[in-house]
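Welcome! Please take a moment to look over the sequence and the fold, and then let us walk through some of the features together.

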Amino acid sequence: MAGVLEGLRVLDLSWGTAGPMATMLLADHGANVTKIEPPGGDPFRSQLGYHAWNRGKRSAVLDLKQEADLATFRKLAAAADVLVESFRPGVTERLNIDFASLSDDNPRLIYCSITGYGRNNSHSDRPGYDALVAARMGLHWEQRGRVGGSATVLSGKAPFSPDYEVPHEAQQGPPRDGPVFPASRFPSMGAAYAATVAISAALRAREVTGRGQHVETSLMQGALAAGVMSYGVAEDIEAEHYMTWVADSRAPKGLFEGSDGRWVHAWPPSPRFILGAGEGDTLQATADLSAREDPDRIGLGPEELFVLHHYWEPMAKTVKKFTADAWTQAGADAGVCIQKIRSPEEALADPLLVADGCVADIQDPALGSIRAVGITYKLGNSPGTIGEGQPAVGAHTDAVRKESEQLVSQPDSDKSTTLRGGPLEGIRVLDFGLAVAGPYGAQVLSDLGAEVIKINALHDWYWHSNQIAMCCNRGKRSIAVNLKHPDAKEAIVKLIASADVIIHNMRYPAAIKLGIDYETLREQHPRLVYCHTRGHERGPRENLPGNDQTGACLAGVEWEDGGCGRGGRPMWSLTNMGDTGNGFLAAIAICQALYEREKTGKGQWAETAIVNAQLLNASHTVARADGTGFDRPKTDAMQTGFSAGVRLYPTTDEWLCLSLVTNAHWNALADALALPELQAEGRFADHAARSSNDDEVAKAIEHALSTRTASDAFAVLDAAGVPCEISSEHAGVALWNDREAIDRQWIVKYPHPMTKELGQVGLAFSLSDTPAQIQRRPLMVGEDTRQILSDIGYDDNAIDKLFESGAVNDQRVYPALADPGAATVDSPWAAKK
C-alpha cells in the first residue's frame, strides 16, 4: 500500500541526529526524501546511526556556495513540499536559502529549521552538540533525580526528610556525586519528535489553508521535552499528593541483579510479587501477585521512600536467587511489569520485534545485511515501508540534477482559510488515555491547537493530583464519568459522534469490553481517526503490562545509559523518552491520518507502542542479525561520557563538558591547556592515536582542568574555539529566570488551585502561519463535566440526573477542593476556546 506521505518531496539539509531521524520517519511513510550533501559528504556520516536514519533516501552533492548548484537547489525547492535544515542561525540567510527566500518561489513549502537553541536569543550562537546542550540545560543533573526530587530543588524548597541517607547500592548511577552522562541523545531525540509532529501537523494545515509555513524546533526545546518531568516548579510544593518519591535520587528504582549476573527492572517495585514469588526454591508466580491484586502496593507519596528502603535488601536477595530470564517469565505469568535488561544489539536480534516490523532487516551497501529500528508507527491504510540502505555520498546527484530541470513548481493556492488557533484547529480529540504514554500524545495535539477532552474516571483525582500526571494533561477539558455505568453510555456515544480523534492506551481487550474499540466504531463513524498505543509490539507480549521501563529494557536503553557495555550498572534515566516518545509517535500518526482525511474524507486506525519509541531512542545502534554489533561509542562505567573528547570533567568547583568533533577542536584544546602530547608533533596528534589511548588522553585533560574553576576553564577554552559548556547543578533553577524562554512559551507558568502557581515545560515547536499554543493549565478531574454535557445536547435537568445516578461527577471528587479556579492561560489564543 502507498505510504500516507506518498508523492511528497522532501529535501533533507540536516545532519547530526535530529534532522536525519525526522526525515527517516517521513521516508518510512512514503515521502521521496533527497539528502543534499556538501562536497565531501555529510561530515557526520561516520555515525553508526546514519545506516538507519538515511535509509530510503537519495543522496545528491550540491555546493550551495556555487551559483550553478544553488540554482539547481532552488529549482528543487520550488517543487518541494518539505525542507528540513539544521544550519546554525544566520547561515541560510547568507546562502540565500532561508524560509523567506524560498517561500517567495514556493508558498506551499513547509520549511523546518532545527537549531541548537533557536534564533535571536542569548543562546543562539552556542555550539549545538547534544552533550553541550544537555550540559547547558542541566540535563546531566536530572538523569537520576535530586534529593527530594527536582521540583523541590528548582522551586527552592527543602526536600522531604533531608537528613535521610541511603546506601549507594540501592540507588541508581555511578558511585560518585555529580552529573551523569547518558548514552541517549535526549536533546536530539526531543527535537526529532518535535520536528516530525510539527511537520505532520503543518501538512494537515496546508490542506486547509493552501499555505506552507516555517516550522522551528531546537535541541534546547528537545532537552526540555526530555525533561518534562524534571523541570517543573510549584509555589506550594507540599500540596497534597503533588510530590512523589519517583524523582528522588535516594529512591530505589526496582533494578536488581539476577543469579546469572544479568539485571531486571521491576516497575513499579512490588515487594509482594518478588518476595512472594521467590520465597521458595523455585519461582511461583500467579496472577494474585499482580499489582492490581496487591492491597499493600507501594504508593506515590514521598514518605514511601522509607518503605522502599525497608524492602530493598530482601528484594535484592530474593531476585539474586533466580536468573533474569526466569524473573521475566514470572512477570509475564503473573501480569507484573518486570523485564530483563538487554543491550541494543540483543534487542535487534529479537525475533518477536522483527516479526512485528519495529525491527527491520536492511541491505546496507557498506555494512551488508543489518538490523535497525523498523516502522515505529502504523496507519491502517498504509503501515509504512523500509527503503533501501544508506546510499553512497552523491549516488543520485546526476539524476537529481536532471530532475531539477523537469520539475514543476508548486501551484499557487486560491484558499483563504486561516488557522490562527493552530494547525489542528477545529479537531476534537477524546483522550481515554492512562498514566503518561497515552495522555502525553493528546497533550501534544492540544499544543497544536486541537480541542482535547479528557475522559476521566471518577477516582482519577488521586492520580491527577501529582506532578507526573500534570506533566501530560495540560490544555485539556475534563469530564469525570463512570464508563461502566449504564446511564453514562449515551453520553459517551454522543461524545464519540462529535469527535475527530480517539486516543487511548488501555489494553485493547478492555476497550472491546467497554464498546469503544475501533471495529465497533468505524462503521458508524467513517471519518474517525482512532489511535491505540501499547506497551509492547504485536505478538506474544502484546497484552502484557508494559511501561516506559519495560520498553527501555527490551530496546537496550537502560543498558546504554548505564554504561553496561563498559562495566557499568543499568540505569533508568528520569529524562527517558519511552512514555513521552510513544506520545509523540501517536501524535505524529494522528496528524498524518488527519492530513490524509483532508484529501479523502476518511478516517483510519493508527497505532504505536512504547517499545517502538525506545527502539527509536536507541537507533544510534545497528547490528547484524545474529546480535553481533559494530564498533560504536559507549558510555563509560562511571557515566562521564563516550570518550576523552566527549565527556564530563570535574574542576575545582563544578563540571565542564567537552564535545570535540574535529581535529581543529583538538588542536585548539591542546594549545589552550598547553598539552604538548595533543599538539601537532605530540603522541596523540591524530584521531587513531587518541582513540587507542583514550584513557591516557582523558587523564591528561582531567589533570589540566583539575586546578581550574569551571568558569575559568570555560573562559579559556571557549575563547580558543573549543566546544564546551559548564554542566551546572543550578542550570534548572536559572532556567526559570530565562525571560526569552518564558516569552516564547518554551516554559510556562499558570495559577493552579492545588499548588497556587505551577511551572512546566512548554512548547516544543513553533509554526509561523498556524501558531502552536498553551491552551489551559493541567486539568482538574471533572471540572468541565457540566459544560461538556451541555455541549453535546444535555439540558440542566438531564445533567442533574446523571450526577444523581453516579454516572458522572465534577471537581467535587477531590476531597478537599471547593473551587478549581480558572483553567485558561493568559495567552493570545486563550479566548479561542
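## Starting out

Helices (H or I, at least four residues) and strands (E, at least two) are DSSP runs, numbered from the N terminus. With those names in hand, please keep in mind that this is a predicted model.

## A seven-stranded sheet

Let us begin with an open sheet of 7 strands, which runs in the order β3-β2-β1-β4-β5-β6-β26 and has mixed pairing. At its edges are β3 (57-61) and β26 (766-767), each of which pairs on one side only. Further in, β1 (residues 9-13) and β4 (residues 82-85) are parallel partners, joined over 4 bridges. Within that pair, you can find Val-10 opposite Val-82 of β4.

Another is α15 (residues 397-404), in touch with β1, β2 (32-37) and β3; here the direction of the helix makes about 85° with that of β3.

## A strand wrapped on both faces

Now please turn to β19, at residues 605-609. Is each of its faces covered or uncovered? Both are covered: Trp-605, Glu-607 and Ala-609 are buried on one side, and Ala-606 and Thr-608 are buried on the other. Because 5 of the 5 residues are buried, β19 is largely enclosed by the rest of the structure.

Which strands pair with β19? One is β13 (residues 377-379), which pairs with β19 in the antiparallel sense over 3 bridges; in that pairing, Leu-379 has Ala-606 as its bridge partner. Another is β18 (residues 529-534), which runs parallel to β19 and is joined to it by 5 bridges. There, Arg-534 stands opposite Ala-609. As background, strands of a sheet pair through backbone hydrogen bonds, either parallel or antiparallel.

## The nonpolar cores

The largest nonpolar core has 147 residues, and the members that touch the most others are Val-197, Leu-424, Leu-448 and Phe-765. Which helix gives the most to this core? That is α8 (residues 186-209), with 13 residues.

Setting aside neighbours within four places in sequence, Val-197 is in contact with Val-444, Leu-448, Phe-584, Ala-587, Ile-588, Cys-591 and Phe-765. There is also a second, separate core of 31 residues, and among its members are Tyr-518, Leu-528, Leu-802 and Val-808.

## Backbone details in the loops

A few loops deserve a friendly visit. Between β9 (263-266) and α10 (271-277) is the loop that holds Pro-268. A cis peptide bond, with omega of about -5°, joins Trp-267 to Pro-268.

Two further residues have a positive phi although neither is a glycine: His-241, at about 75°, and Gln-639, at about 55°. His-241 sits in the loop between β7 (233-234) and β8 (255-257), while Gln-639 belongs to the loop between α24 (610-617) and β20 (641-643).

Is Gln-639 buried or exposed? Gln-639 has a relative accessible area of 2%, and buried means under 20%, so Gln-639 is buried. His-241 has a relative accessible area of 29%, so this residue is partly exposed.

Key: Residues numbered from 1 in each chain as written. Predicted model: local features only at pLDDT ≥ 70, side-chain atom pairs only at ≥ 80, totals over all residues. Heavy atoms only, no water. Buried < 20%, exposed > 50% of the residue type's maximum accessible area, 1.4 Å probe, protein only. Pairing = 2+ DSSP bridges. Contact = heavy atoms within 4.5 Å. Axes fitted to C-alpha atoms, helices over the stretch in contact; angles between N-to-C directions. Core = buried A, V, L, I, M, F, W, Y, C linked by side-chain atoms within 4.5 Å.
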